[in-house]
Structure formats: structure tokens, C-alpha cells
Amino acid sequence: MKRSMRALPCLMTLALLISLLASCQPTTASSTELEQATGALQSYFQALSEGRYADAVNLYGGSYEPLTGYNPAINVQEYARLFGLGCAANGLQCLKLNEILQSEKLSGDTYQFLVTFTGRDGQVFVLGPCCGADETQMPPISQFTYTVKRVDGNFKVMDLPVYVP
């Protein structure tokens, strides 16, 4: 009896520690939100890289202003066509997502991702210097940041693909 009485405080302490550790685990809701945001990012770049621009439109929540600026003759409501021209003629690099290196919840329903892409040569895409700059003035970049935010109940990518002039 004495032995079981001495074990009771140890068991209670152990139960308390287990419940505290369990509360440190991410909740299912936030894990699910991160999975949804990640899925939107992956689907967006897959759609763009496969030329499914109408699908990309449904996954994009950012501004079309750069695309309408490149293509002033196109109706500003023809989003899929704007994406198509952006990828084919305006310098957007509509590449396959290679790897998600990092994800971070910024606030509320907004996530930020650090990603790499697979270039057309099958290697990791590297954005080199442009416009007369050299590598010391404009170091090559292979990791890019994208924001995904819940808009009207769905996660959408807020940024256009990498631009190469």
C-alpha cells in the first residue's frame, strides 16, 4: 500500500507532463491550413508549367497589373490569356516547382514559402544577373519567396512567377 501511495504523485506528474507535451503539438486546423496553402502553391505552379492558365487563374489572388501593362491590347478581364502571354512572351518563368524549402505562417490566413524551381534544362533554376550587371552587382538567385493567402475562403498565391527581362 505504501509503495502505491508513493507512486501516485509520480503518476500524476507524468500525466501532467504528457498533457503539457500534447498541447505543444500543432493543432489539426493549422496543420490542415498549411497543407491547403501548400497545395494551392503546388497546384498553381503545376498549372502554369503545364499551360493550364484557366486553372492558374483560380489559384491566383494577386494583381494582374504587370500582365496588363505588358499586354495593353488584351482585355484586362481575360486572365487566362494574360497568363498565357506572360509565360510565353513576357518573361514570366512558368516552371515546375522543384522544392519547398521553408514554410512560415505570417499571420491569420497568410503563409510564406521559400521555394526552388526546376529549369527547362532539368536543373535547379537560377536567376542570373541582368541588364548589364555582373554577378557581384546582382548575385544569382535560386530561392524565391511566395505568399499564399486565404481569399474568399480559398488559398491563393499572391505572386506572379519569376520574371526574366
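Mentor: Let us start with Y64, which counts as buried because its relative accessibility is 13%, where buried means under 20% relative accessible area, exposed over 50% and partly exposed in between, computed with a 1.4 Å probe on protein chains only. Bear in mind that this is a predicted model, in which local features need pLDDT of at least 70 and side-chain atom pairs count only at pLDDT 80 or more, while totals for chains, interfaces and linings use all residues. Residues are numbered from 1 along each chain as its sequence is written, and side-chain values use heavy atoms, with hydrogens and water left out.

Trainee: OK, and which ring does Y64 form an edge-to-face pair with?

Mentor: The partner is F83, with 5.7 Å from centre to centre and 70 degrees between the planes; rings of Phe, Tyr and Trp (its six-membered ring) pair if their centres lie within 6.5 Å, and planes under 30 degrees apart count as stacked, over 60 as edge-to-face and the rest as tilted. Y64 sits in the loop between helix 3 (53-58) and helix 4 (65-70), and F83 belongs to helix 5 (residues 79-88), so the pair ties together parts that are 19 residues apart in sequence. Helices (H or I, at least four residues) and strands (E, at least two) are DSSP runs, numbered from the N terminus.

Trainee: Is F83 buried or exposed?

Mentor: F83 is counted as buried, because its relative accessibility is 0%.

Trainee: How many aromatic pairs are there by that rule?

Mentor: The count comes to 14 aromatic pairs. In one of them, Y44 and F45 have ring centres 4.9 Å apart and planes at 70 degrees, so that pair is edge-to-face. Y44 is buried, with a relative accessible area of 0%, and F45 is likewise counted as buried at 0% relative accessibility. One aromatic cluster takes in Y44, F45, Y60, Y64, Y79, F83, F117, F125, F144 and Y146.

Trainee: Switching to the strands, what order do they take in the sheet?

Mentor: Four strands make an open sheet in the order 1-2-3-4, with antiparallel pairing, and two strands pair if DSSP finds at least two bridges between them. Strand 1 (96-107) and strand 4 (154-157) are at the edges with a single partner strand each, so one side of each has no neighbour in the sheet.

Trainee: How many bridges join strand 2 and strand 3?

Mentor: Strand 2 (residues 110-118) and strand 3 (residues 144-151) pair over six bridges in the antiparallel sense, and F113 stands opposite Y146 in strand 3. Strand 3 also pairs with strand 4, over four antiparallel bridges, with K149 opposite K156 in strand 4. The hairpin of strand 3 and strand 4 has two residues between the strands, and in it D152 takes a positive phi near 50 degrees.

Trainee: And the cysteines, how many disulfides does the structure hold?

Mentor: There are two disulfides, a disulfide being a pair of cysteine sulfur atoms within 2.5 Å. One joins C87 to C94, at 1.8 Å from S to S, and its torsion about the S-S bond is about -70 degrees, so this disulfide is left-handed. Both C87 and C94 are buried.

Trainee: What about the other one, C130 and C131?

Mentor: The sulfur atoms of C130 and C131 are 2.5 Å apart, and with -75 degrees about the S-S bond this link is left-handed. C130 counts as partly exposed because its relative accessibility is 22%, whereas C131 is exposed, with a relative accessible area of 69%.
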